Amino acid sequence: MIVNSFVVVITFLHHTHPSLPHYDSSEWDWLRGALSIVDKDYGVLNDVFHHGVDAHIVHHLFPTMPYYHLVEATKAFKPLLGEYYQFDSTPFYKAMWREFKECLNVEKDEESKDEGVFWYKGDF
């Protein structure tokens, strides 16, 4: 039960962040989906979970890569990904509170030329 709780928290924090876009079927593709995630620093848990939690973007791009290469691959890919690489160093308990408070629903970005791009909003 404890391990499952960690998996739920980690998955939630990787895929729920105010800076992450969401796409409908007209805009979504595999690469956009793979990059709609944020890497996080979980301190000592990075080693416990074999860096699948702090180097998760590369795992989405190369899901068959062994976990023991993820940190090295992340260092190599950060410059290539540029603005598409998302990292959040907020402590997990503060990030949980922020995401529960600010990421309640998604709404269309009225200023964007892309019709199917949505962003988290903090209200219903």
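Hi everyone! Let me start with one term: a residue counts as buried under 20% relative accessible area, as exposed over 50%, and as partly exposed in between. Keep in mind that we are looking at a predicted model.

How many aromatic pairs does the structure hold? There are three. Another of them joins phenylalanine 62 and phenylalanine 77, and this pair is tilted, at 5.2 Å centre to centre with 50° between the planes. Here the pair links distant parts of the chain: phenylalanine 62 is in the loop between α4 and α5, phenylalanine 77 is in helix α5, and they are 15 residues apart. Phenylalanine 62 is partly exposed at 33%, and phenylalanine 77 is partly exposed at 24%.

Now let's go to helix α6, residues 92-102, where we find glutamate 99. Is glutamate 99 buried or exposed? With a relative accessible area of 0%, glutamate 99 is buried. Beyond its neighbours within four places in sequence, glutamate 99 touches Phe12, Leu13, Thr16, His17, Pro18 and Asp88. Ala95, Met96 and Arg98 are among the other buried residues of α6, and the cover over the buried residues of this helix includes α1, β2 and β3.

Last stop, the surface! Trp28, Trp30 and Leu31 make a nonpolar patch of about 370 Å². Tryptophan 28 sits in the loop between β1 and α2, and at 48% relative accessibility it is partly exposed.

Conventions. Residues are numbered from 1 along each chain as its sequence is written. This is a predicted model: local features need pLDDT of at least 70, side-chain atom pairs count only at pLDDT 80 or more; totals for chains, interfaces and linings use all residues. Side-chain values use heavy atoms; hydrogens and water are left out. Patches are made of residues with over 30% relative accessible area and no salt bridge: like charges are joined within 9 Å, nonpolar side chains (Val, Leu, Ile, Met, Phe, Trp, Tyr) within 5 Å. Accessible areas come from the Shrake-Rupley method with a 1.4 Å probe; for residues, only the protein chains shown count as cover. A salt bridge is a side-chain nitrogen of Lys or Arg within 4 Å of a carboxyl oxygen of Asp or Glu. Helices (H or I, at least four residues) and strands (E, at least two) are DSSP runs, numbered from the N terminus. Buried means under 20% relative accessible area, exposed over 50%, partly exposed in between (1.4 Å probe, protein chains only). Contact means heavy atoms within 4.5 Å. Rings of Phe, Tyr and Trp (its six-membered ring) pair if their centres lie within 6.5 Å; planes under 30 degrees apart count as stacked, over 60 as edge-to-face and the rest as tilted.
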